[in-house]
Amino acid sequence: MATASAVTAWGKPTIKSGASGESGALGTTLEDVGKIKENTTSLELVKGNVNELFGEGHELVDKMELEGTWTLKFTVIKASLDKIAKFFGLSVSTDKLAMKTTIVSEPRSYTVNPLLVGAIGAELPYCYTSITPKFATAEGWTIEFEVTTMEPESESVAPATLYVKKAAAQASSQSTGK
């Protein structure tokens, strides 16, 4: 049953992340990414490439737009060594983190759960994640995320699913991460 109108998804979403499931399905163990910096969260559809065929005189003969991808951006504040290490798949030893990689090699799942019941949230089951740890004197250590959906291995899994947040009693039958 579709909802006639949605509640505005005002700020303070909860973002959870974890390993993607089998064949690119939404992961079953998603954890809160941490405290998100105010006004840094965005989720948008980035249009795919457009192929155009022109005849002489710059006459458009044919046009095809390819599928786009969803891009989720946000910044985690008050980042600890453990949190930085976790996202890169590294481990902290004796209060030191050897940054042996700056690549998140495994696909990850994300959910963006709105604060208000009736607002629209999103599930992104199979994503490439780019992470940038950053230090600034005004904020301390932060982690900037740029997450891009990829085509899941299974054709039965959508690259993104939008949903309407239900009240807690109704949400018990919904998937993990909402």
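**Close-up 1. Ser23 is partly exposed, with a relative accessible area of 30%.** Buried means under 20% relative accessible area, exposed over 50%, and partly exposed in between, with a 1.4 Å probe and protein chains only. This is a predicted model, where local features need pLDDT of at least 70, side-chain atom pairs count only at pLDDT 80 or more, and totals for chains, interfaces and linings use all residues. Residues are numbered from 1 along each chain as its sequence is written, and side-chain values use heavy atoms, with hydrogens and water left out. Ser23 sits in the loop between strand S1 (14-19) and strand S2 (31-32). Helices (H or I, at least four residues) and strands (E, at least two) are DSSP runs, numbered from the N terminus. Phi of Ser23 is positive, near 60 degrees. Most residues other than glycine have a negative phi.

**Close-up 2. Asn39 lies in the loop between S2 and strand S3 (42-46).** Asn39 is exposed, at 76% relative accessible area. Its phi is positive, near 60 degrees.

**Close-up 3. Strands S4 (residues 50-55) and S5 (residues 59-65) run antiparallel, joined by six bridges.** Strands pair if DSSP finds at least two bridges between them. Leu53 has Asp62 in S5 as its bridge partner. Three residues separate the strands of this hairpin, where Gly57 takes a positive phi near 80 degrees.

**Close-up 4. The largest nonpolar core has 22 residues.** Such a core is a set of buried Ala, Val, Leu, Ile, Met, Phe, Trp, Tyr and Cys residues joined through side-chain atoms within 4.5 Å. Ile15, Leu72, Phe74, Tyr110, Ile143 and Phe145 have the most contacts inside this core. Helix H1 (81-88) is among the elements giving two or more residues. H1 gives the most, with four residues.
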